[in-house]
Amino acid sequence: ESGTIRLAGLSRADGSSKGWGRRVGYVGPETALYPWLSPREVFALVARLAAYDRAEARVRSDTVIARFGLAGAMDQPLSRLDPALAQLVGLAAAMLTDPEVLLLDEPLRSAEPNERRRFLNLRDRRRTVLLASRLPAAEAGLVDQVAFIRGGKLALHARLDDLEAAGLPLSVRGIASLAEMRKTPAAASAG
């Protein structure tokens, strides 16, 4: 009912050119991009919204094009691309600003599992990736911690090692079981 949230070290909205628009990225289950835009136009729009000058926009666009192998599809409208490729353009657009926090909500479901894992392996020393999934087993190798939200509240936050130590699988049922196992007697009687 109360508290403070910090994203990329900020506790309030930051409208500056170096604010949340550059420091936090989001990719949802749908591309949420205009289907008539080409990937080139999507990247130009993201760069403009992030207030990059032309030279910086070009460098950043070239970087994500190379990273995600999009060179062959840069001028086709998204509506003509394979759904997995269109989703990949959305991920590349989110990565254009090299965000410190990347929020992923069921991303790249249309991609082949091995390709999906390769593209979603985005962690580095200064990036936090939060991956929401209804199929946790599909995220094996991509995550090192799990969180379980029940009734709008955090019911569990644990390392994957904790799940394995309890002999539970990386699944909704396994994560929910660990949450139940960790309930304290006081929390159980209050909830």
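I take helices (H or I, at least four residues) and strands (E, at least two) as DSSP runs, numbered from the N terminus.

**Model and conventions.** I am working on a predicted model, in which local features need pLDDT of at least 70 and side-chain atom pairs count only at pLDDT 80 or more, while totals for chains, interfaces and linings use all residues. Residues are numbered from 1 along each chain as its sequence is written, and side-chain values use heavy atoms, with hydrogens and water left out.

**Overall make-up.** I looked up the secondary structure and found 8 helices and 5 strands, which follow one another from the N terminus as α-β-α-α-α-β-α-β-β-β-α-α-α. Of the 191 residues, 37% are buried, a term that stands for under 20% relative accessible area with a 1.4 Å probe, protein chains only.

**Strand pairing.** I counted two strands as paired if DSSP finds at least two bridges between them. Strand 1 (residues 24-27) runs parallel to strand 2 and is joined to it by 4 bridges, whereas 5 bridges join strand 2 to strand 3 (residues 128-132), again in parallel. Valine 101 in strand 2 stands opposite valine 24, and its bridge partner in strand 3 is threonine 128.

**Nonpolar cores.** I used the term nonpolar core for a set of buried Ala, Val, Leu, Ile, Met, Phe, Trp, Tyr and Cys residues joined through side-chain atoms within 4.5 Å. The largest has 35 residues, and Val42, Phe43, Phe68, Leu70, Leu91 and Leu104 are those with the most contacts inside it. Two or more residues each come from helix 2 (39-49), helix 3 (54-68), helix 4 (83-95), strand 2 (101-105) and helix 5 (113-120), and helix 4 provides the largest share, 8 residues. Another core, of 12 residues, lies apart from this one and includes Leu168, Ile175, Ala176 and Ala179.

I then followed phenylalanine 68, with contact meaning heavy atoms within 4.5 Å. Leaving aside residues up to four places away in sequence, phenylalanine 68 touches Leu88, Leu91, Ala92, Met95, Phe119 and Leu122.

**Largest pocket.** A pocket here is an open set of points on a 1 Å grid over the protein atoms alone, where a 1.4 Å probe fits, with protein on both sides within 12 Å along at least five of seven lines; lining residues have an atom within 4 Å of a point. The largest pocket is lined by 27 residues, and Leu130, Leu131, Gln145, Val146 and Ala147 lie nearest its centre. Strand 2, strand 3, strand 4 (145-150), strand 5 (153-159) and helix 7 (172-182) each give two or more residues to this lining, with strand 4 giving the most, 5 residues.

Notes: Buried < 20%, exposed > 50% of the residue type's maximum accessible area, 1.4 Å probe, protein only.
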